[in-house]
Amino acid sequence: MPPICLTCTRGTAPNESIPIGSSGAAHSALAKHFWFNEDESSNAVLCQLCWGKIDEFHQFYCEIEKIHSQGSGHPIQMLEIKQEQEVVESLSAEIKNESEEVEDKGTKESKVEEMDDEVTKDENSEESDRDCPSDKDNESEQEKVVRKKSVRKKPTTLRADILAKVDKYAAKHVTLECSFCAVKFPTFDRLQTHSKKAHKKQTTVLCCGKKFCQRGRFYDHIQVHLNPNQFQCDQCDKRCPSSEALKSHVDIKHAAEKTFQCESCPKKFALKSLVVAHRKRCHSEAQNDSASNDIEEGDETDADEAKKAIKDEAFILANISLECHVCSVKHSSYQDFLKHSQAAHGVHAAVYCCGHKFTRKPRIIDHILYHQDPSQFRCDICPKQFKHSLAFSRHMGMRHVQEEAKTFQCSMCPKAFSRKQFLHVHEKYHRKMSEKNFQCAHCDKFYAFESMLKQHERLVHTKECHFVCHICARGFQALSSYSSHLASHDEEAKKDKPPEERLQCSVCSIWVYKQNYRKHVLLHSGTQTCDICGQECKNVMALRYHKAQHRRGDCSCSVCGKTFKRKFSLKEHMASHTGETLYQCDFCDRTFNSSANRASHRKKRHPKEWLEDKLRKNPNLLKDGQLTAAAGEQDGDSFM
């Protein structure tokens with residue numbers, strides 16, 4: 001049985017326990033500050049955590065005791081509690097047994113808590129009551145200030161069991177090493193105590209690429225490692241990195257009363273700091289020298305920002321008519337247009353162009369730049385093109401960032417991201433998918449969001465054509481397909497269009513088109529088990545095809561009534577009724593209504609051409625002798 005700590009009564013490892021004995025530092029500290037008798041403490045032990053705290057407090061106590069025993073003039077009297085000096089001296093034995101709470105160790109200030117009811121019972125004389133007033137009205141201004149400061153500087157406290165878990169995790173996964181002398185410590189508290197005493201400043205601890213020197217923020221960060229939902233908002237799905245961030249989020253997003261109103265618009269906020277930030281973001285564009293009078297004190301923009309604001313105003317005015325869509329009043333600047341719309345109509349100013357509504361100045365400027373040059377926000381790495389800088393920046397941060405920069409790892413899958421906001425969006429998708437709130441009424445698929453479910457129903461089941469080509473009248477369900485089709489009509493664009501990007505698979509080294517890369521990666525996902533019948537499939541794609549066989553035939557032939565589970569099979573079946581030609585051999589003029597028959601024909605009748613085509617698509621197959629042998633067998637069969 002492991003030894004039990006005398007103070008916290010938890011079990012501790014024999015090699016980590018500290019024997020108290022009948023003499024030494026542990027024995028003297030316990031005898032000075034605790035109520036344990038000689039028999040209890042001499043044969044007991046202390047754990048590392050408890051001894052660290054007791055030793056730290058004992059050293060601090062002895063230091064303060066030494067200062068006051070020498071009569072040193074300290075600016076704050078450590079044992080002065082509203083003129084109760086005589087009572088303190090007469091009850092020194094009781095005070096010695098009380099645990100003194102240290103508010104600020106760095107400035108060596110201590111606070112003695114109020115007396116117990118037992119002490120108050122001993123003070124029966126009216127004279128002592130008059131000498132020791134306890135009413136707050138009789139406090140001096142200095143005492144009130146000290147009392148208020150002590151309340152504000154209350155340190156972060158954790159339960160003993162939570163603190164033990166946090167310290168255990170930090171000792172295992174975080175390097176608790178002094179950045180000045182490289183000495184390692186088992187706990188964060190002991191590390192900071194050493195740093196303050198030896199180097200007169202706090203050291204920093206590195207974890208997840210972040211630096212921590214404050215106790216509360218470090219412990220909050222470790223608690224997030226132990227439980228990612230430690231600081232999750234009860235009213236929404238947002239997860240905050242610390243208790244301070246959670247409190248700020250609740251104050252901003254879920255405040256019951258918003259008492260601070262912006263002077264330039266009807267918006268209200270729960271905190272004054274939010275009003276200042278809102279004014280700086282929406283109402284602080286400087287037009288000229290007089291505009292600086294409207295900016296809040298401490299939020300003045302520098303000369304470069306003022307010049308840029310004036311330049312942006314002139315750029316907008318030169319390209320867009322700033323006419324109010326409600327009262328048709330024209331304005332000479334976007335700032336005047338903004339103030340007019342808020343004051344006269346109580347709404348945010350909006351600019352309409354190309355069927356879109358723009359309410360923010362950066363988006364208006366991006367739209368003008370896109371009109372002047374559609375390639376303004378084109379990616380230099382891939383052929384994608386965007387309409388504003390925000391989408392372009394998001395694309396670069398997600399698609400073309402180096403692997404070393406992806407430091408934010410998802411806890412539910414192997415994906416990593418370069419920005420924390422991308423990780424939050426991705427993890428929210430995982431949580432929504434696990435809830436399974438949005439299920440398709442036509443099939444057994446689940447979606448994370450309602451918008452994704454509606455898109456699935458529109459593209460797969462209802463097949464509503466929202467986009468129609470103005471050249472050939474062909475209809476499309478998705479905007480991406482419609483845009484690609486329009487590009488096929490533009491011969492000039494085809495000449496200037498760069499070749500489609502290909503990506504190489506890191507598993508099998510095959511080069512595939514970027515649009516098919518995700519599906520190809522699923523081929524290497526490993527063995528999957530069907531949750532309906534228990535059959536094992538070699539990858540995710542095979543599992544999807546297998547599970548489709550469990551569904552009833554939704555696709556029926558309008559001629560003979562035969563049902564099929566896939567539209568692909570129905571299409572090939574309908575060709576047998578209509579006589580339509582679906583496929584043609586690449587090496588001869590023969591036509592087919594089945595892709596399987598065409599593949600068999602190519603392999604048997606044109607083995608050399610088939611082999612060359614395979615090697616062109618995947619050069620690594622040349623290393624495999626089985627492919628060449630199979631081609632030789634098919635070549636021999638073709639002459640039989």
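Colleague: Let's start with Cys508: is Cys508 buried, exposed or partly exposed?
Modeller: Keep in mind that this is a predicted model. Buried needs a relative accessible area under 20%, and exposed needs one over 50%. Cys508 has a value of 24%, so the label is partly exposed.

Colleague: Which residue holds the cysteine sulfur nearest to that of Cys508, and how far away is that sulfur?
Modeller: A disulfide would need the two sulfur atoms within 2.5 Å. Cys508 is in no disulfide. Its nearest cysteine sulfur belongs to Cys505, at 3.7 Å.

Colleague: How many disulfides turn up in the whole structure, then?
Modeller: In general, a disulfide is a covalent bond between the sulfur atoms of two cysteines. A search through the whole structure for such pairs comes back with zero.

Colleague: What about Glu257, is Glu257 buried or exposed?
Modeller: Glu257 sits in the loop between α12 (243–253) and β7 (260–261). Ala270, 13 residues apart from Glu257 in sequence, is 6.4 Å from it, C-alpha to C-alpha. The relative accessible area of Glu257 is 62%, so Glu257 is exposed.

Colleague: Now the helices: how are α25 and α26 oriented, roughly parallel or roughly perpendicular?
Modeller: Two packed helices are described by the angle between their axes and the distance between the axes. For α25 (residues 595–605) and α26 (residues 607–617), the angle is about 110° and the axes are 5 Å apart. Angles of 65 to 115 degrees fall in one class, so α25 and α26 are roughly perpendicular.

Colleague: How many charged residues does the contact of α25 with α26 have?
Modeller: From α25 come Arg602, Lys603, Lys604 and Arg605, and from α26 come Pro607, Trp610 and Asp613. Sorted by class, two are nonpolar and none is polar. The charged count is five.

Colleague: Ala182 isn't a glycine, so what is its phi?
Modeller: Most residues other than glycine have a negative phi. Ala182 is found in the loop between α9 (160–173) and α10 (188–199), and is partly exposed at 46% relative accessible area. Its phi is positive, about 65°.

Colleague: Lys200 has a positive phi of about 65° too; is Lys200 buried or exposed?
Modeller: Lys200 isn't a glycine either. You'll find Lys200 in the loop between α10 and β5 (205–207). With a relative accessible area of 69%, Lys200 is exposed.

Conventions
Residues are numbered from 1 along each chain as its sequence is written. This is a predicted model: local features need pLDDT of at least 70, side-chain atom pairs count only at pLDDT 80 or more; totals for chains, interfaces and linings use all residues. Side-chain values use heavy atoms; hydrogens and water are left out. Helices (H or I, at least four residues) and strands (E, at least two) are DSSP runs, numbered from the N terminus. Buried means under 20% relative accessible area, exposed over 50%, partly exposed in between (1.4 Å probe, protein chains only). Axes are lines fitted to C-alpha atoms, for helices over the stretch in contact, and angles run from 0 to 180 degrees between N-to-C directions. Angles under 35 degrees count as roughly parallel, over 145 as roughly antiparallel, 65 to 115 as roughly perpendicular and the rest as oblique. Contact means heavy atoms within 4.5 Å. Ala, Val, Leu, Ile, Met, Phe, Trp, Tyr, Cys and Pro count as nonpolar, Asp, Glu, Lys and Arg as charged, and the others, Gly among them, as polar.
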